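Visitor: I would like to learn how to read a structure like this. Please show it to me, and let us go through it.

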Amino acid sequence: MRATFLGTGGSVPTKKRNLPSFVVRTDGGLAMFDCGEGTQKQFLIAKLGFNREMKILVSHMHADHVLGIPGLLHSMSFMGRSRGLEIYGPPGIREFVKCTAETVRYRSMFPVRAVEVRAGTIARTDSYTINASWADHGVPCLAYTLVENDKPGRFYPGKARKLGIPKGPLWKTLQMGKPVRVGRKTIDASRVVGPPRKGLKITYAVDTRPCKRVVQLALGSDLLVHDGMFDSSASERAREYGHSTAAEAARVAKRSRSKNLALTHLSAIYDDTRQLLDEAKKLFPRTFLAEDLQSLELP
Ligand SMILES: [Zn+2]
Ligand SMILES: [Zn+2]
């Protein structure tokens with residue numbers, strides 16, 4: 001899996017930070033979390049591919065998280081997208097997508113399905129599952145987690161040869177965890193395949209106060225992408241506007257026993273964001289500041 005930050009600013013863009021959008025590329029296509037204004041340009045630069053399987057998951061209906069959708073759909077139409085696309089989000093998302101489609105004449109249009117969702121399982125594909133929980137932001141706001149399906153275990157060709165299984169379709173069957181028949185014997189996959197490899201888990205929680213439901217959702221994440229909008233001197237402001245300080249994000253990472261924390265939705269008031277990183281790292285050393293167009297290869 002590959003994770004790419006398209007926009008890491010919050011509320012208003014800066015020279016260095018676009019509005020929120022984060023994309024995970026899986027075997028089963030793209031999962032985009034939020035689509036702030038200008039996402040289409042970042043999407044092009046990151047070369048994510050205009051005609052892949054794709055879902056957009058919107059956290060909430062604040063302008064900085066949704067205004068990029070019409071532009072992205074327009075660009076995709078222009079580039080000749082033909083595959084359908086699903087957009088999930090809290091109540092309001094359907095009306096928003098419908099209104100823009102009716103008032104903005106896209107050049108040609110591929111099927112777009114907008115679905116209003118609540119906490120729970122949002123989507124299941126052959127490669128991953130997406131679950132959601134309510135965050136704490138003053139308006140209905142969802143935090144999402146993408147859990148990659150477990151992968152089959154490692155295949156040992158040496159063991160297969162020893163058991164007299166010829167290379168070819170039988171090896172493939174075993175790799176998929178199914179037994180095969182060789183002569184009169186049935187050979188179980190566990191004799192030549194190691195234990196299943198656990199899928200990765202990525203949690204996206206922006207525009208939220210630190211919150212128990214998010215901690216629950218994020219339990220054991222390989223990567224937690226969390227609102228870290230302010231430094232601790234602005235904690236009153238964070239509380240008032242339903243955001244988190246970098247230190248509060250670090251506590252969520254710690255409580256959820258996440259492995260890595262990315263701070264995002266950073267406020268435009270900071271020219272220098274190092275202070276945010278320092279404050280979070282004191283509590284949770286495996287923290288980094290997300291940067292626009294930064295890509296991570298997740299093993
Ligand atoms: Zn926001
Ligand atoms: Zn918001």
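Guide: Start with burial. Buried means under 20% relative accessible area, exposed over 50%, partly exposed in between (1.4 Å probe, protein chains only). Of the 299 residues of the chain, 53% count as buried. This is a predicted model: local features need pLDDT of at least 70, side-chain atom pairs count only at pLDDT 80 or more, and totals for chains, interfaces and linings use all residues. Residues are numbered from 1 along each chain as written, chains are lettered from A and ligands numbered from 1 in written order, and side-chain values use heavy atoms, leaving out hydrogens and water.

Visitor: Which protein donors does the zinc ion (ligand 2) have?

Guide: Donors are N, O and S atoms within 2.8 Å of the metal (3.2 Å for Na, K and Ca); water is not among the atoms, so sites may look incomplete. Here they are His-60 (NE2), His-62 (ND1), His-137 (NE2) and Asp-207 (OD), 2.2 Å from the ion. Their spacing along the chain is H-x1-H-x74-H-x69-D.

Visitor: Where in the chain do His-60 and His-137 lie?

Guide: Helices (H or I, at least four residues) and strands (E, at least two) are DSSP runs, numbered from the N terminus. His-60 is in the loop between strand 4 (54–57) and helix 2 (63–66). His-137 is in the loop between strand 8 (128–134) and strand 9 (142–148). The pair is 77 residues apart and links distant parts of the chain. Both residues, His-60 and His-137, are buried.

Visitor: What does Asp-207 bridge?

Guide: Asp-207 bridges the zinc ion (ligand 2) and the zinc ion (ligand 1), 3.7 Å apart.
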